[in-house]
Amino acid sequence: MLGIAGAVSAAPPLPEMSHTLTALKPAKAAKDFSLPDLDGKPHRLSDYRGKVVLVNFWATWCPPCRREMPSMERLSQRLKDQPFVILGINQQEDPERVFVFTAQVDPSPNFPILFDPNSKVAHAWGVLGLPASFIVDQQGRVVYRAMGGREFDHPEIERAIRGLLKNERLKK
Amino acid sequence: MKTHRALIPALLILLPSIAQAAELTQHRDPESGLLSWKQVDRGFSLELIQLLPDLVKALYTSRGLPQSVVDGMAPYCVFGSVVQNHSGGELSYRVADWRYVTADGKKHPLKTKIQWLADWKKQGSDFGWSILPAAMTFDTGDWAQGFTTVRLPPESHFDLIYSWRHHGKHYTSTLKNLICAPAQQPVPAP
């Protein structure tokens, strides 16, 4: 039953970043929250109604969170003319630490980084591990979920988001 | 010809187990000298990465956690762990079902995230994100990471019996001869 793929090798490969999204059927209403950004300005999820929102729970010490952040910024740049927003919700870290970290990310995130100091929002959203991401549609429903790191600018993820954006345009 | 005919039933029995063979890879980090193991078995992947006690201590200290929390980790051998779902369907696991087997053959439960959180709550602290989720149901492509903790001294050898559920079936696999990280970083070979 056990196949050993060779002797001890030198360099452990980093875990593969996947690009799958789990469609939630039926979609459920996203729990609203209001959290401050780096400047202390509050962001309420329901204020983004009418836009597609990628909600990402993360922390600076979490390796896959660090790896996926540049891909979120690239996705944000590709969809900058669309009603699409990313909210990166940091868990239990102080703004100074996060500011230093985001300055080192290439490309550096231009989307709002919010602070969930006691993880109340993460727990309310049923997050068990970091990173965890959810895509909320224009009606405020969670339609996709992704647990673990993702390559967010992968064509399949971009296609799923563009699909949500297109559906809304067709309804109008 | 008769021999060949006799082999066919044996091959038919063997084929499913060949298709389900677990694949184990082991790595040694060239800089730190630390080991990691990754086993993919029937759609469930588990990777354990040795972590030096000082690194674990530094992580908890840098979070500003109480000294009692930092000290509480000291008797444990800590691994970075990654679980991934490659099954093509939904899969679930419960760390409470897993056991580590020490050299004397005894099986021991692992301390789960729920148990760590209960301890830390008493000390006014919560850094639960650092521990591998105690139980998860996740879809293909999903993964989770966090610490797996085993109450053993540095350089202890043990086996880990772990399990998961997929399509209503319970599966079990074993990672054999795992080794806790040494107390200090190994000196690289010349």
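**Secondary structure and strand pairing in chains A and B**

Chain B contains four helices and 11 strands in this predicted model. Of its 190 residues, 32% are buried. Contacts in chain B between residues with a separation of 6 or more are made, in 62% of cases, by residues 24 or more positions apart.

Within chain B, strand β3 spans residues 44-50. Six of its seven residues are buried, so this strand is largely enclosed by the rest of the structure. Strand β3(B) pairs with two strands of the chain, β2(B) and β4(B). The pairing with β2 (residues 35-41) is antiparallel and comprises six bridges. In this pairing, Gln39(B) lies opposite Leu46(B) of β3(B). The two strands form a hairpin with two residues between them, and Arg42(B) adopts a positive phi near 45° there. The pairing of β3(B) with β4 (residues 77-85) is likewise antiparallel and comprises seven bridges. Leu46(B) has Val83(B) as its bridge partner in β4(B).

Chain A contains four helices and nine strands. Along the sequence, these elements follow the pattern β-β-β-β-β-α-β-α-β-α-β-β-α. Of the 172 residues in chain A, 34% are buried. Among contacts between residues at least 6 apart in sequence, 79% connect residues at least 24 apart in this chain.

Six strands of chain A form an open sheet with mixed pairing, in the order β2-β9-β8-β5-β6-β7. Its edges are formed by β2 (22-29) and β7 (113-116) of chain A, each of which pairs on one side only. On average, neighbouring strands of the sheet are turned by 25° against each other, direction ignored. In the sheet order, β5(A) lies between β8(A) and β6(A). Strands β5 (residues 52-58) and β6 (residues 84-91) of chain A run parallel and are joined by seven bridges. Trp58(A) is placed opposite Asn90(A) of β6(A). Strand β6(A) is in turn followed in the sheet order by β7(A), which is an edge strand.

Technical notes
Residues are numbered from 1 along each chain as its sequence is written. Chains are lettered from A and ligands numbered from 1 in the order in which they are written. This is a predicted model: local features need pLDDT of at least 70, side-chain atom pairs count only at pLDDT 80 or more; totals for chains, interfaces and linings use all residues. A residue is buried if 20 or more other C-beta atoms lie within 10 Å of its own, exposed if 12 or fewer, and partly exposed in between; C-beta atoms are placed from the backbone. Two residues are in contact if their C-beta atoms, placed from the backbone, lie within 7 Å. Two strands pair if DSSP finds at least two bridges between them. Axes are lines fitted to C-alpha atoms, for helices over the stretch in contact, and angles run from 0 to 180 degrees between N-to-C directions.
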